[in-house]
Amino acid sequence: MQIYFWAFVVGGLICVIGQLLFDVAKLTPAHTMSTLVVAGAILDGFGLYEPLIDFAGAGATVPITSFGNALVHGAMAEAEQHGLVGIITGIFEVTSAGISAAIIFGFLASLVFKPKG
Amino acid sequence: MLHGHQTWEFHNKPYILSSAAVGGPFEGKGPLANDFDILHGDTWLGQDSFEKAEKKLFEQACEKAIEKAGLKKEDIQFFLAGDLLNQIISSSFTARTLSVPYLGLFGACSTSMEALALGALIVNSHSAEHVLCGAVSHNSSVEKQFRYPTEYGGQKPPTAQWTATAAGVAVLGKTGTGPRVTAATIGRVVDMGLSDPFNMGAAMAPAAVDTIEAHFRDLGRTFDDYDLVATGDLAKVGLPIAKDLLEKHGFKAPDHFVDCGMMIYGKDQPVIAGASGAGCSAAVTYGHILNRLRRGELKRVLIVATGALLSPLSFQQKESIPCIAHGVVIENI
């Protein structure tokens with residue numbers, strides 16, 4: 001039961017940070033999103049994002065910061081096996097499923113739906 | 001003709017022979033629905049892009065206004081129009097359809113009154129029998145150009161305004177019947193350094209005040225000389241700022257000082273601060289306000305259309321927003 005609570009709190013707090021970047025720092029929606037992705041990447045670079053996932057579960061994996069974490073995670077894992085080239089090949093190692101899914105489902109949706117304006 | 005510093009008085013008092021307003025589905029749910037000549041149930045208007053739909057809105061408003069005046073398009077000497085899309089394509093493409101001699105205008109949301117002022121000047125100086133003037137905007141095409149595409153679903157702050165899907169057109173004539181255009185005050189560009197395209201009302205309020213004060217000064221009038229003074233479109237954020245500024249300068253803003261951007265939609269419609277767009281003040285003036293003049297409910301009105309003269313490029317380069325307002329007096333004589 002506790003994991004649900006912390007998922008709610010941590011996930012919510014990440015969104016609060018996003019809302020503050022948007023409202024207070026006056027970032028555009030795209031800048032807000034990119035900032036959160038970069039923040040996730042940096043946290044994982046210091047090895048801090050995994051403990052956050054262990055602690056808050058989906059509260060840390062669902063927000064966009066998790067995408068930054070996944071980018072760095074894949075790159076570091078591949079780098080351990082293949083050296084420097086692994087950084088290049090590894091960036092999309094973990095995230096490829098998410099990116100491909102976004103492209104495929106986005107395409108399918110565009111075939112069916114028409115924006116209402 | 002020139003009266004004071006920046007005001008024209010039209011001694012021949014050109015007639016507004018007819019006018020037409022065309023709106024979209026959201027406008028049809030608003031309190032002014034009965035003042036529209038044509039309302040569409042679908043924002044696409046049967047077209048395959050929102051830009052084409054905007055052009056269609058304008059074409060229909062022009063056709064309707066000419067038809068209501070009992071004229072044919074061959075009877076119109078000049079077409080004065082503008083819109084908010086890049087290179088004012090909606091107006092130019094409508095002019096292509098009409099094939100009437102055309103002057104394209106850009107004054108952002110102040111275009112409606114810029115066109116009416118210049119149209120009245122042309123008719124007043126015997127340079128034309130009939131002039132067609134108007135403005136148009138479409139929510140989905142304009143939001144895409146100046147803010148984000150509506151499909152993007154970006155959050156909007158509480159100061160943001162909602163671009164109206166509407167077109168307003170009027171036919172001016174030298175002789176005939178109808179409300180008459182008696183004066184116009186051309187505004188200057190005012191820039192108070194605001195740069196947030198989600199808070200245009202606050203940026204435009206000083207321009208509206210500048211033009212209203214110039215108008216009162218040039219003609220020696222006050223709010224009491226008008227049954228209605230309507231800005232377009234300052235909305236909920238800009239109108240109180242304009243009232244405060246006027247009060248500081250010694251003009252007490254009365255209850256009949258209103259804003260077109262707060263009239264077109266109802267309280268239950270989620271438009272945040274209110275409406276905006278070149279078509280908003282055009283449709284409210286040429287629909288609702290002219291209908292009230294024709295019914296005799298109003299005798300003399302001053303419409304002050306305000307425009308934010310930014311471009312997407314100037315915004316990206318972090319420029320502030322220069323603003324303008326033009327005032328036109330319409331009265332029953």
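This is a predicted model: local features need pLDDT of at least 70, side-chain atom pairs count only at pLDDT 80 or more; totals for chains, interfaces and linings use all residues.
The bend at a residue is the angle between axes fitted to the seven residues ending there and the seven starting there.

Residues are numbered from 1 along each chain as its sequence is written, while chains are lettered from A and ligands numbered from 1 in the order in which they are written.

I begin with a helix of chain B. Helices (H or I, at least four residues) and strands (E, at least two) are DSSP runs, numbered from the N terminus. Helix α8 of chain B covers residues 278-294, 17 residues in total. From first C-alpha to last it reaches 23 Å, close to the 24 Å expected at 1.5 Å a residue; the expected span is 1.5 Å times one less than the number of residues. Where is the kink in α8(B) centred? It is centred on Thr285(B), and amounts to about 35°. Of the 17 residues of α8(B), 14 are buried, that is, each has 20 or more other C-beta atoms within 10 Å of its own, with C-beta atoms placed from the backbone. Just after α8(B), Gly296(B) adopts a positive phi of about 85°.

Next, the domains. Chain B is divided into domain 1 (8-173) and domain 2 (180-331), with bounds from an automatic or database domain assignment. Their C-alpha centres lie 17 Å apart. The contact takes 56 residues from domain 1 of chain B and 55 from domain 2 of chain B, where two residues are in contact if their C-beta atoms, placed from the backbone, lie within 7 Å. On the domain 1 side, the largest share, seven residues, comes from α4(B). That side divides into 32 nonpolar, 15 polar and nine charged residues. Here Ala, Val, Leu, Ile, Met, Phe, Trp, Tyr, Cys and Pro count as nonpolar, Asp, Glu, Lys and Arg as charged, and the others, Gly among them, as polar.

Finally, chain A. This chain has seven helices and zero strands, and its C-alpha atoms fill a box of roughly 50 × 40 × 35 Å along the principal axes. Buried residues make up 22% of its 117 residues. How many residues of chain A are in contact with chain B? Five are, and they meet nine residues of chain B. Those of chain A divide into three nonpolar, one polar and one charged.

Methods
A residue is buried if 20 or more other C-beta atoms lie within 10 Å of its own, exposed if 12 or fewer, and partly exposed in between; C-beta atoms are placed from the backbone.
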